[in-house]
Amino acid sequence: MFHALVAIKQVPDTTNIRIDPDTGNLVREGVPAIMNPYDAHALAAAVELKRKLNGKVTVISMGPSSFNATLREAIELGADRGILLSDRKFAGADTLATSYVLAQAIKAIHEEEPVHMLFFGKQAIDGDTAQVGPGVAVRLDLPIVTYVSSIREVDLERQKAVFDRRTERWSEIIETSLPVLLTCEKEIAPVPFAPLPDLIRSLRYEPEFWSKSDGPATFDDAYVGSKGSPTIVYKMGTPPLPEAGEKINSREVGVDAAVKSALQQVEAAGVLAEILGGAV
Amino acid sequence: MVPGMNIESNETNVRRFWVFIEQEGGEVHPVSWELLGVARALVAQVQSEAEENGEEVVVEGVLLGDDVEHIAKLAFQYGADRVYLVDDPVFKNYRNCPYYKSIAQVAEKYQPEVFLIGATTLGRDLAGAVATALHTGLTADCTGLEMGEVKGSRRRLLLATRPAFGGNILATIICRKYRPQMSSVRPRVFPMPECNPDAAGEIIRESPAVQEENALACILDFIREKGADVDIEYADVIVAGGRGLGNPDGFALVQELAEELGGVVGASRPCVDLGWIDAAHQVGQTGKTVRPKLYIAAGISGALQHKVGMQNSDFIIAINNDANAPIFDVADVGIVGDLFEVIPAMLTAIRGRKEALANE
Ligand SMILES: Cc1cc2nc3c(=O)[nH]c(=O)nc-3n(C[C@H](O)[C@H](O)[C@H](O)COP(=O)(O)OP(=O)(O)OC[C@H]3O[C@@H](n4cnc5c(N)ncnc54)[C@H](O)[C@@H]3O)c2cc1C
Ligand SMILES: Nc1ncnc2c1ncn2[C@@H]1O[C@H](COP(=O)(O)O)[C@@H](O)[C@H]1O
């Protein structure tokens with residue numbers, strides 16, 4: 001049976017992040033937590049495939065118990081099984097330690113029920129690192145296709161699949177063997193409205209809970225959480241304020257005068273002649 | 001034993017600062033040269049410390065490809081002392097597996113102290129894989145890099161600064177215990193170094209870690225993307241429009257000014273989200289980082305996420321009818337006014353200036 005796995009992260013909705021105008025600090029209160037948008041599209045693609053191939057979708061997430069809400073949302077969107085990887089020792093993980101915990105869990109899941117495709121988001125919008133997917137692929141020694149914009153073909157018999165992959169300059173059509181790990185663009189599939197049966201199921205669904213010592217996966221202390229993270233936050237600061245230039249009010253001096261004065265300053269900076277020299 | 005290069009056991013007396021030289025089809029991504037410039041600056045910061053300890057410090061490039069030796073010579077001109085060249089048909093097109101395994105193999109052999117990779121699509125695909133294979137720390141999208149003294153470390157460490165929370169906070173990350181200290185950097189965050197056509201260096205050839213049958217992936221075809229020929233990253237002049245344009249037609253005006261100045265069109269994210277213009281034009285945190293000679297922002301409020309992508313431009317003109325718009329904070333000169341009046345006036349003035357130049 002076709003089995004897809006999706007790695008999902010809960011992130012603060014950064015479109016709602018505000019800065020306190022008085023203190024310059026981040027306002028965290030009231031910022032809703034959402035499923036990382038790229039992961040939602042990755043999940044939608046996995047669910048589409050499972051419906052076509054008559055299979056199953058397992059979702060995993062590493063994080064505190066509040067992440068259960070996101071796993072339930074995944075059930076709502078059509079996932080069959082949700083697993084939360086949660087332990088105090090997992091906390092403070094950087095991308096290297098995160099990829100270790102996810103990879104160990106995936107190994108255990110794969111042993112129970114072989115996984116054909118692993119879906120990751122292109123990146124998590126809280127850190128934008130895009131490192132966890134490639135990290136897991138390396139740990140499991142799997143082929144990886146990043147920036148997947150569409151799935152062309154999955155052939156379970158030949159154990160092959162074909163994808164479109166987006167780069168800066170072109171799209172590649174790329175074929176790999178199965179299992180394969182994908183990191184997904186939003187175009188890979190639209191996030192559907194939850195069908196009623198899945199909605200009802202999700203209300204009662206309790207995600208499985210795997211900790212460091214509880215559950216079928218094994219974890220080595222040295223690799224998890226802050227202890228297993230090579231990177232350390234050394235200091236935090238606010239960006240230096242740039243020096244603002246002159247502001248010319250065109251309503252006061254007139255539009256033509258304002259433009260003239262602005263262009264004179266470009267010229268004085270030695271930029272305009274250079275540009276116009278090239279343009280004429 | 002935890003794998004990876006524990007520093008105590010691996011400190012050699014040659015300190016290697018590595019840069020990944022990114023090329024596709026023989027075309028080098030200029031971010032590679034920008035990073036060689038950064039590596040040279042980092043090396044200068046540890047020079048005296050190294051001399052005291054009797055150590056040598058070098059900048060080295062890592063180059064993979066099929067028949068790309070000529071690129072190694074360019075790398076010397078932009079600041080590399082030495083290039084590790086893995087030249088093999090398996091690298092004809094970029095694929096994750098042969099690339100990361102071969103780079104990890106060379107890194108294990110020579111034990112670099114610092115390793116910088118461009119945060120391009122290719123570089124992002126690669127960097128996380130290499131860091132995991134080497135079991136070391138990687139800091140993504142750095143905007144500041146410096147070798148600094150850190151209590152408890154014998155040598156200066158790489159202080160990698162990156163924006164967090166949409167640019168509101170700068171976090172400085174270190175990697176104390178493992179080597180190499182890896183960072184990815186987006187194109188155009190750092191300036192292009194001078195090219196010295198007389199510079200030469202040493203090429204060291206290495207073999208690939210993977211043969212074709214184990215490459216794990218096969219590229220069947222390439223399709224050109226819409227907007228692929230828009231190169232705003234390396235443009236000298238950008239005229240960018242924001243939601244203040246009011247509707248997609250507003251870009252015609254922006255385009256006219258851009259053409260008059262021999263430049264290209266940029267945009268803020270809402271314009272892309274609204275479908276007014278292709279995503280290839282987007283400037284900012286989730287778009288491109290640019291540093292043109294002249295950046296004109298019209299009808300852009302200047303949200304942090306936009307500013308981080310353009311604040312390194314040589315000269316910035318902001319046009320906005322709200323005198324309190326934050327874009328004015330980064331502008332060298334701001335015009336408070338309606339862009340639909342200001343841009344036409346600018347077009348007239350520039351055409352006049354050009355004519356005057358032509359008659360000189
Ligand atoms: C995670 C995240 C990532 C993001 N990444 C990016 C990114 O990469 N790039 C980006 O740009 N944004 C990004 N954003 C969005 C960013 O926060 C802002 O919402 C966006 O930059 C605002 O675009 P704007 O200035 O065009 O629109 P607005 O903020 O609506 O500003 C329009 C401006 O036009 C002015 N105006 C209106 N009419 C006129 C007129 N006739 N003449 C002159 N001025 C006029 C108004 O005074 C106003 O200042 C991101 C946001 C998030 C949360
Ligand atoms: N804590 C986590 N739990 C589950 N999946 C994760 C976690 N962190 C990252 N991922 C996955 O890795 C992708 C890339 O994340 P990042 O490398 O942090 O940008 C995300 O889109 C998720 O699919």
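Predicted model: local features only at pLDDT ≥ 70, side-chain atom pairs only at ≥ 80, totals over all residues.
Between domain 1 of chain B and domain 2 of chain B there are zero salt bridges, a salt bridge being a side-chain nitrogen of Lys or Arg within 4 Å of a carboxyl oxygen of Asp or Glu. What the rule does find between these two domains is seven residue pairs in polar contact, both at pLDDT 80 or more, where a polar contact is a pair of N or O atoms within 3.5 Å, one able to donate a hydrogen and the other to accept it, with residues adjacent in sequence counted only if both atoms are side-chain atoms.

Residues are numbered from 1 along each chain as its sequence is written, chains are lettered from A in the order in which they are written, and side-chain values use heavy atoms, without hydrogens and water.

The domains of chain B cover 14-214 and 237-359, with bounds from an automatic or database domain assignment, and their centres, taken over C-alpha atoms, are 34 Å apart.

Turning to the two chains, 83 residues from chain B and 78 residues from chain A take part in the contact, meaning heavy atoms within 4.5 Å. Here the count is three salt bridges, and in one salt bridge Lys101(B) joins Asp141(A), with 3.0 Å between the closest N and O atoms. On the side of chain B that touches chain A, helix α10 (residues 339-359) gives the largest share, nine residues, helices being DSSP runs (H or I, at least four residues) numbered from the N terminus.

How values were computed
Helix = DSSP H or I, 4+ residues; strand = E, 2+ residues; numbered from the N terminus.
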